[in-house]
Amino acid sequence: MALSRPIPVTVVTGFLGAGKTTLIRHLMAHAGGRRIALVINEFGDRGMDREILTACGIEGCGDDDIVELANGCLCCTVADEFLPTMEALIHRAEPPDHIVIETSGLALPKPLVKAFTWPEIRSRVTVDGVVAVIDGPAVAAGLFADDPAAVQALRAADAALDHDNPLEEVFTDQLLCADMVIVNKADLMDAPAAEAARETVRAGARAGVPIVPAHHGAVDPAVLLGMGMAVESDLDGRPTHHDGPDGHDHDDFESVALPMPPVGGGHAGPDALAEALAPVVTAHRALRVKGTLAVPGRPMRLLVQGVGPRVQARYDRPWRADEPRDGHLVVIGLKGLDAAGLARDLAAAVAGPSEAVREAG
Ligand SMILES: Nc1nc2c(ncn2[C@@H]2O[C@H](COP(=O)(O)OP(=O)(O)OP(=O)(O)O)[C@@H](O)[C@H]2O)c(=O)[nH]1
């Protein structure tokens, strides 16, 4: 029996909120009949990306083809969770044509790629390429350069910590492992900012790695898939901060899942709600906010997405009959997040001004 060709795997990495899920949604919508399986990993107590992808209504984004590994970090749980998942995909009656892995925004891609050298899967899959998605405006604004305020906040939370910017460490590792870098959110940058982002990426990535600007992750699948890099055989040229025997931990970051009240009637609409949430997110220095809220009298759930100070809210799908309409927000930030304060301030913003107060005003 002829041995089948190894299944190509694309690893999509990039910091929290850079646009990985958005890029993958675009990829699935333009897959051109390719059968793509997704493996999604999130840092946080409740996985949202699978929900966002399955709610997108795109043909090919079927439930069966999306495997979620929530509650942890792929690069740290490779043996326990990742290998069995890959083996199950490989041994399906109809194996996928391509596998896309979305790492958590805090994962270091190299330990994950290393797992592809494990004998269980080595001959059956190959890493076609590592794609790093970058939040262009955040890079241009210097979020990933050593930010004295962020480092100070971290030190205040744990005096024993003597790190440089932990955001910078994750960012650098992701860039150094990439075969292609997507500088996303082009719509939020003017020409000098786009040039600054590109220059930072060029300085941090390996020589010759293509840098592709994108808006809402709209990159032609022909560009993303089929790079043929066999990355698992080319690990030496991809340095990482965490090549030691102990792997790495995520002590620099933490996430909290907070129950939220129904959205108050005093908000004029999703944009007004997003505007009310933004100052809370900024005041608490949250890096990422994601979740769904219930709006009384509305059959649709309200999806909230915040990346740094930018918060958006939109109705994404009707609540299912079998799910409780309990709003929640997951917040990820540097260690030392004030969970009680966040719960209080976010809940107050969600509840908003009462209609009576608004009318009186
Ligand atoms: N303005 C603008 N917003 C974008 C763009 N791409 C993504 N977004 C928004 O940025 C937010 C985060 O996008 P995601 O695709 O969820 O980012 P992610 O990297 O998967 O996030 P994590 O899974 O939390 O790491 C969402 O609100 C997106 O709609 C873009 O090109 N322009």
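Which residues of α11 are buried? They are Leu342, Leu346, Ala349 and Val350, and a look down the axis of α11 shows these buried residues within an arc of 100°, so they line one face of the helix. Please keep in mind that this is a predicted model.

**Around the ligand**

- The ligand is surrounded by 21 residues, and the closest are Lys20, Thr21, Thr22, Gly105 and Gln305.
- Helix α1 supplies the largest share of the shell, with three residues.
- Sorted by class, the shell holds 12 polar, five charged and four nonpolar residues.
- Both domain 1 (7–233) and domain 2 (253–360) contribute here, with at least three residues from each.

**The C-terminal annotation**

- An unreviewed UniProt entry lists residues 253–350 as "domain: CobW C-terminal".

**Helix α11 (residues 339–351)**

- This helix has 13 residues and reaches 18 Å from its first C-alpha to its last, close to the 18 Å expected at 1.5 Å a residue.
- The buried residues of α11 are Leu342, Leu346, Ala349 and Val350.

**Helix α8 (residues 191–204)**

- Helix α8 has 14 residues, and its first and last C-alpha atoms span 20 Å, close to the 20 Å expected at 1.5 Å a residue.
- Which residues of α8 are buried? Ala197, Thr200, Val201 and Gly204 are buried, and they sit on the same side of α8 because they cover an arc of only 95° around the axis.
- The face of α8 turned away from that buried side carries Ala191, Pro192, Glu195 and Ala203, which are exposed.

**Helix α7 (residues 166–177)**

- Helix α7 has 12 residues and reaches 17 Å from first C-alpha to last, close to the 16 Å expected at 1.5 Å a residue.
- How many of the 12 residues of α7 are buried? The count is 10, and α7 is mostly covered.
- Among the buried residues of α7 are Leu167, Val170, Phe171, Leu175 and Leu176.
- The buried set of α7 also includes Glu168, Asp173 and Gln174.

**Two residues with positive phi**

- Lys185 has a phi near 70°, a positive value in a residue other than glycine.
- You can find Lys185 in the loop between β6 (180–184) and α8.
- Lys185 counts as buried because it has 29 C-beta neighbours inside 10 Å.
- Arg285 also has a positive phi, near 55°, and is a residue other than glycine.
- The loop between α10 (270–283) and β9 holds Arg285.
- Is Arg285 buried or partly exposed? Arg285 counts as partly exposed, because it has 16 C-beta neighbours inside 10 Å.

- Gly291 is part of strand β9 (residues 286–293).
- With 24 C-beta neighbours inside 10 Å, Gly291 is classed as buried.
- Gly291 and His328 are 37 residues apart along the chain, and their C-alpha atoms are separated by 5.6 Å.
- Asp128 belongs to strand β5 (residues 125–135).
- There are 24 other C-beta atoms within 10 Å of Asp128, so this residue is buried.
- Asp128 and Val212 are 84 residues apart along the chain, with 17 Å between their C-alpha atoms.
- Met28 lies in helix α1, the element with the largest share of the shell around the ligand.
- Met28 is buried, because 22 other C-beta atoms lie within 10 Å.
- The C-alpha atoms of Met28 and Ala138 are separated by 26 Å, and the two residues are 110 residues apart along the chain.

Conventions: Residues are numbered from 1 along each chain as its sequence is written. This is a predicted model: local features need pLDDT of at least 70, side-chain atom pairs count only at pLDDT 80 or more; totals for chains, interfaces and linings use all residues. UniProt positions are given in the numbering used here, feature names are shortened, and annotations may be inferred rather than shown by experiment. A residue is near a molecule or strand if its C-beta atom, placed from the backbone, lies within 6 Å of it. Helices (H or I, at least four residues) and strands (E, at least two) are DSSP runs, numbered from the N terminus. Ala, Val, Leu, Ile, Met, Phe, Trp, Tyr, Cys and Pro count as nonpolar, Asp, Glu, Lys and Arg as charged, and the others, Gly among them, as polar. Domain bounds come from an automatic or database domain assignment. The expected span of a helix is 1.5 Å times one less than its number of residues. A residue is buried if 20 or more other C-beta atoms lie within 10 Å of its own, exposed if 12 or fewer, and partly exposed in between; C-beta atoms are placed from the backbone. The arc is that of the directions from the helix axis to the C-beta atoms.
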